[in-house]
Amino acid sequence: NGSIDFDNVHFRYHKTSEEEVLTDINLHIKSGETIGIIGGTGCGKTSLVNLISRLYDVQQGSVKVGGVDVKDYDMKFLRDQVSVVLQKNVLFSGTILDNLRWGNENATEEECIEACKWACADEFIERFPDKYNTVIERGGTNVSGGQKQRICIARALLKKPKILILDDSTSAVDTKTDALIRKAFKDEIPDTTKIIIAQRISSVQDADCIIVMEGGKIDGCGTHEQLLKENAIYKEIYESQTKGDEQ
């Protein structure tokens, strides 16, 4: 299943480095939960999620998925079950359907369209004259940043992963569309564990649990309401963002 456990995890990029990137991380995420991760640049958010799909391995402690240490999985099997969407993803030259099927080469056209609806990509794809057969230019230069992100989210959904990680991957999408994508996740893939790294608090405030990171450590963990009352860093981020909205 999509449960994730971090037990006393310590991590540094090089074994000889004195400075740890992550220190004493303990996290227990139930299958199907939505988890938000927020914190400043360089606080360890991306490093944390990269340990789940074994882009890196821990030096101390363990990371388990579905109750099994990630080091005990076949690498391809693990990465098929953990889908990661980055802020800047790669689209290659070929049709939109070709790009989507990179996530699942056996996906039917109906499955591709459904995934695009969940990712709010269908609304702009349907406006193209060739719709899903529109050719994406090399590097995705004929689609905007937000459109590119939505195609990449749909591509990740086609893998039908147990764990879906969004690493700041709705940063180029407006807040309304961002909310619609999160609603689709809740309604359509309730059993998939969803981890959302974001700069905007609005992207994570409905999560079952929000993790606040600072200096490679977990500074706080709770719901939006709990953290506003109890966590100084979260409150500061929230106030700075809402002040911006009011001006």
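Reader: How accessible is Asp80, and does it count as buried, partly exposed or exposed?

Author: Asp80 counts as partly exposed, at 31% relative accessibility. Buried means under 20% relative accessible area, exposed over 50%, and partly exposed in between, using a 1.4 Å probe and protein chains only. The model is predicted, so local features need pLDDT of at least 70 and side-chain atom pairs count only at pLDDT 80 or more, while totals for chains, interfaces and linings use all residues. Residues are numbered from 1 along each chain as its sequence is written, and side-chain values use heavy atoms, with hydrogens and water left out.

Reader: Which side chain does Asp80 meet in a salt bridge?

Author: Asp80 meets Lys76, at 2.8 Å from N to O. A salt bridge here is a side-chain nitrogen of Lys or Arg within 4 Å of a carboxyl oxygen of Asp or Glu. Lys76 counts as exposed, at 58% relative accessibility.

Reader: Where do Lys76 and Asp80 lie?

Author: Both are in helix α2 (residues 75-81), four residues apart, which is about one turn of the helix. Helices (H or I, at least four residues) and strands (E, at least two) are DSSP runs, numbered from the N terminus.

Reader: What about Asp57 and Arg54?

Author: Their side chains also form a salt bridge, at 2.8 Å from N to O. Arg54 is buried, with a relative accessible area of 18%, and Asp57 is partly exposed, with 30%.

Reader: Where is Asp168 found, and which residues does it touch?

Author: Asp168 is in the loop between β9 (163-167) and α7 (175-188). Leaving aside residues up to four places away in sequence, Asp168 touches Gln87, Gln149, Ile197, Ala198 and Gln199. Contact means heavy atoms within 4.5 Å.

Reader: Turning to β9, how many of its residues are buried?

Author: Five of the five residues of β9 are buried, so the strand is largely enclosed by the rest of the structure. Ile163, Ile165 and Asp167 are buried on one side, and Leu164 and Leu166 on the other, so that both faces are covered.

Reader: Which strands are joined to β9 by bridges?

Author: Strand β6 (residues 82-85) runs parallel to β9 and is joined to it by four bridges. Within that pairing, Val82 has Ile163 as its bridge partner. Strand β10 (residues 193-197) is also parallel to β9, with five bridges, and there Leu164 stands opposite Lys194. Two strands pair if DSSP finds at least two bridges between them.

Reader: What is the strand order in the open sheet of four strands?

Author: The order is β2-β1-β4-β5, with antiparallel pairing. The edges are β2 (22-29) and β5 (68-69); each has a single partner strand, so one side of each is left without a neighbour in the sheet. Five bridges join β1 (residues 4-11) to β2, and Asp5 stands opposite His28 in β2.

Reader: What is the phi of Asn8?

Author: Phi of Asn8 is near 50°, a positive value in a residue other than glycine. Asn8 lies in strand β1 and is partly exposed, with a relative accessible area of 43%.

Reader: And what is the phi of Lys131?

Author: Lys131 has a positive phi of about 45°, although it is not a glycine. Lys131 is in the loop between α5 (122-125) and β8, and is partly exposed at 36% relative accessible area.
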